[in-house]
Amino acid sequence: MKVLSALFVYSFLLSFLRTSSTLDTITPSQSIRDGETLVSASGRYELGFFSPGSSKSRYVGIWFGVSNDTVVWVANREIPLKNRLGVLKVTNRGILVLLDSTNTSIWSSNISRTAGNKINNPTAQLLDSGNLVVTDGNNSDPKSFLWQSFDHPSDTLLPDMKIGWDSASGLDRYLTAWKSPEDPAQGEFSGVLDRRGLPQVVCMQGDKIKGRPGSWNGLYFTGKPWLRPNPLFKYEFVLNEKAVYYNYKLLNNSILLRYVLNSLGNGLAYRWMARTQSWDLLTSYQSDECQNYGHCGAYASCNINESPVCACLKGFIPKFPKDWNSAYWSGGCVRGTPLGCNNGDGFLKYKGVKLPDTSSSWFDRNMNLKECEELCLKNCSCRAYANLDIRNGGSGCLLWFADLVDLVVLQMGGQDLYIRVAASELDHIEKNRHFVQKYQVIIIVCSAILLTVMLALGLVTYVRRMKLRKEGMNIRRQNDYNNEDKKEDMELPIFDLITISNATDNFANNNKLGEGGFGSVYKGTLLRGQEIAVKRLSKNSGQGLNEFKNEVILIAKLQHRNLVKLLGCCIQEQEKLLIYEYMHNKSLDSFIFDQSKSRLLDWRMRHSIIGGIARGLLYLHEDSRLRIIHRDLKASNVLLDNNMNPKISDFGLAKTFGRDQTEADTNRIVGTYGYMPPEYAGYGQISVKTDVFSFGVLLLEIVSGKKNKELCNSGQCLNLLGHAWKLWIEDKPMELIDEFLVLGDSCILSEVLRCIHVGLLCVQQRPEDRPNMSSVVLMLSSDNSLPNPRQPGFVAGKTSLGEDSSPGNLEMPSINEVTITVLEAR
Ligand code: AMP
């Protein structure tokens, strides 16, 4: 009896130890069953069985102790267990095996290295680095590891892991994304170190390059200039005969960091935030066209801040001009003049670029830039050269021997690239430069004379007008309109009315795209097949005339990829028409507020739309020649092209300011209730912060999928701003997010929450509290901490103007879609 009870106590203790202690090793006499885990020494990582998302399949994986749904490595990625009867063991030969309920091995590790013939004491151990290793005994020397999970990465690169190759193990380590968040099987994206030419990191989609962080320039990957020395981690790029790899190491061991290649092919770095118990995106991910590999084809550069984004390099012309002019860039460019080879070709310098694809390059560490140039000139097939290493003023030589593909103009960082062109092209460019230099004085004198003449003419016209006005004559008679307009130098194609009538089938109803504040918009097709959108100013809309002229003059001067492009206008027979590029996906409101279409806009798209609108607005406020306040920014005034790029439209209500003017009062309240800030709706006070407020409303609408109108919930009626504010102060902003987004694969919670935060900062009641658009753009793309927002301008059916804000409360109508134009007496 005594023996039996002793046995019982012993087995109880054993099972207690098994489940409650934190084992980090197993030997052949032990195993891990579903429900049990191995925990690394400090508890940072755990290994066990899991099911991703709502999947029922079981996998063996490693995850973070603080965040058990963040899996960093999976053993049986391709063959899941169908039930919870799996067992993980280490064999006497030091091999990890995963057995299913029939005792069949569905996954096993192969020994990477053999440590002699006989393995005496095989042990599997989960290290505090997240590395699962098999050793002979408890040997912690990495050289003696028989196998390690770090040699077989899944989708995550942890500190100390390597991406790349080394000759000792013969292994080439690379990341492979999951198929989907519910399926860890190998997906279509992988992150590899391409060793051809100068090694470069590329993201592959199947066997095609999707994106290219690029080659290493001593400081960072050429396409990722923000990866610089920082207090969180240091990194290393090793390139020699024995190894080519990249890895990073933590500088402070208390932080948790991970880099993951997600199932959409986006590489994202995260840091664990203990305060919020969530992962914070470390590097902002900006998806723009220029990040698509070879977006502009060969011998062209991609610049996200230009419109169009693609441009042939100097001395090159589009290979397929028709395609190029229709924005099909992938055909790229070809030389305008063939190279003379040894007869005096030269080089054009490009500053601050992401270097082209280096898979057909050659490099030498010891040469300097001059020697590099000479070597390139000597070889007819050499297309370009650059420094290999940009540190200490630059060193080494990198030469290209194939078409230059994937050259991107960077907004920060980047390096100098010297591109070979024919001597005659250089002459041409040089001549132009010399011409300008030589005739600079003459040009300056001529310009001064011309300016004086123009000023004199302007003065004469002004004096004449004043005289006419004094005499009571109305210089702006309707009949004079056409003549007046001809005098305006609009540099804009003037279309014939017949052309536009034919294109729109005489403004047929079935071509009508929509109705704006000042008239209808029709779809049209010009004879050459080009699709257009025609805004027809209502004939009887007297007040629309000014807006029409305003819009023509304004838009004609503006060029930005996030502003809709004006192709021309037509003023004939009482018709006043604006001809725009046609936007295939119409307006944003038709997506975000439509139950089924909103599903087409996943978070990645919405985030890129928010960024695009912010950049367009920033251009209007700060980067265009005039400071322009849109005054009617709303979802229906954001149009989407066929790539879902957002473009702000409808400048009819825009008000220009001089460069140094920031605020004004207006006696015409125009815009759309729901998007108007209190100081504008109440007192006609207008500034760039008017648009910032509208942007904030729009941002919250995009995130929530709800219009800013009264939403009544359990007897309480609040508009979207009030609702967002309530959730914010109750610390549950997540409840604002469109349900469909939360379920979507691409939803990055920290990004969405940041957008809500920025949205609330933009709609604060006092204009001076709202950020300007340059801060907004920065806030959206960085992870710096943000100030706390104060109460929004309109939170309920009524405004929340303070006590000192006479004249009293303003009712906020629930309709927010229609642009209103209220004329007040001057
Ligand atoms: P607006 O007068 O600019 O507010 O335009 C009214 C509606 O016409 C918009 O909400 C769009 O649905 C449509 N629309 C305006 N411009 C375009 C365009 N360039 N391409 C396609 N649809 C347009």
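Let me begin with serine 190, which, leaving aside its neighbours within four places in sequence, is in contact (heavy atoms within 4.5 Å) with Tyr174, Leu175, Thr176, Val202, Cys203, Met204 and Leu261. This is a predicted model, in which local features need pLDDT of at least 70 and side-chain atom pairs count only at pLDDT 80 or more, while totals for chains, interfaces and linings use all residues. Residues are numbered from 1 along each chain as its sequence is written, and side-chain values use heavy atoms, with hydrogens and water left out.

Serine 190 belongs to strand E17, residues 183–194, where strands are DSSP runs of at least two residues, numbered from the N terminus. Its relative accessible area is 12%, so serine 190 counts as buried (under 20%, with a 1.4 Å probe and protein chains only).

As for polar contacts, that is, pairs of N or O atoms within 3.5 Å, a nitrogen atom of the ligand is 2.9 Å from a polar backbone atom of methionine 583. An oxygen atom of the ligand lies 3.2 Å from a backbone N or O atom of serine 636. Taken alone, the ligand exposes 480 Å², of which the protein buries 93%, with areas from the Shrake-Rupley method and a 1.4 Å probe.

Terms used
A polar contact is a pair of N or O atoms within 3.5 Å; within protein, one must be able to donate a hydrogen and the other to accept it, and residues adjacent in sequence count only if both atoms are side-chain atoms. Helices (H or I, at least four residues) and strands (E, at least two) are DSSP runs, numbered from the N terminus. Buried means under 20% relative accessible area, exposed over 50%, partly exposed in between (1.4 Å probe, protein chains only).
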